[in-house]
Amino acid sequence: MRYRILSFVAAGLILTGCAGQSSPTASPERDKAPEPPTMSQSDDLCGAEQVHRYVGTSYTETLGDTLEQESGAGTIRVKRPGMAYTLEYRADRLDVSVNEENVIQTIQCG
């Protein structure tokens, strides 16, 4: 009987300790997506600003060649949804992000 009472007391203390913790509440500031960094002329080593007008157009391999030529980028990388890619940053690489419909969403150095 004595052990039964002690186990109830121990369980109650454990539950009381957990009840005092609260989960973080949603904050509009914390949940807001970070603003993309602004690019200065010296940061635009891949020429992303020169081809930014193609955002919103459908990506094709031919357009990829055009983007690489017009931007002067050392290389181009197309980032598709669900695709794995390295996180290394290369200032001379043009990163082109497309959506599920293959429409260009962003063009930036990376």
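## Overall architecture

Helices (H or I, at least four residues) and strands (E, at least two) are taken here as DSSP runs, numbered from the N terminus. On that basis the protein has three helices and three strands. The model is a predicted one. Read from the N terminus, the elements follow the order α-α-α-β-β-β.

Of the 110 residues in the protein, 24% are buried. The accessible surface comes to about 8,200 Å², and carbon and sulfur atoms hold 56% of that area. Among contacts with a separation of 6 or more, 38% link residues 24 or more positions apart.

## Strand 2 and its partners

Strand 2 (93-98) pairs with strand 1 (residues 75-79) in the parallel sense, over five bridges. Strand 2 and strand 3 run antiparallel and are also joined by five bridges. Ser97 takes part in both pairings: Lys79 stands opposite Ser97, and in strand 3 the bridge partner of Ser97 is Thr106.

Six of the six residues in strand 2 are buried. Side chains in a regular strand alternate between the two faces of the sheet. In strand 2, Arg93, Asp95 and Ser97 point one way, while Leu94, Val96 and Val98 point the other way.

Strands 2 and 3 form a hairpin with five residues between them. In this turn, Asn102 has a positive phi of about 70°. Asn99 also lies in the loop, between strand 2 and strand 3 (104-109).

Is Asn99 buried or exposed? Its relative accessible area is 19%, and the cut-off for buried is under 20%, so Asn99 counts as buried. The side chain of Asn99 reaches the backbone nitrogen of Val103 at 2.9 Å. Apart from neighbours within four places in sequence, Asn99 is in contact with Pro81 and Gln105.

## The nonpolar core

The largest nonpolar core has 15 residues. Those touching the most other members are Tyr54, Tyr59, Leu67, Leu94, Val96, Ile104 and Ile107. Helix 3 (61-71), strand 2 and strand 3 are the elements that each give two or more residues to this core.

Tyr54 shows what such a residue touches. With neighbours within four places in sequence left aside, its contacts are Leu63, Thr66, Leu67, Glu70, Ile104 and Ile107. Leu94 and Val96, which belong to the core, point the same way from strand 2 as Val98.

Technical notes:
Residues numbered from 1 in each chain as written. Predicted model: local features only at pLDDT ≥ 70, side-chain atom pairs only at ≥ 80, totals over all residues. Heavy atoms only, no water. Buried < 20%, exposed > 50% of the residue type's maximum accessible area, 1.4 Å probe, protein only. Polar contact = N/O pair within 3.5 Å; in protein donor to acceptor, adjacent residues only side chain to side chain. Contact = heavy atoms within 4.5 Å. Pairing = 2+ DSSP bridges. Core = buried A, V, L, I, M, F, W, Y, C linked by side-chain atoms within 4.5 Å. Areas by Shrake-Rupley, 256 points an atom, 1.4 Å probe, with all protein chains shown as cover.
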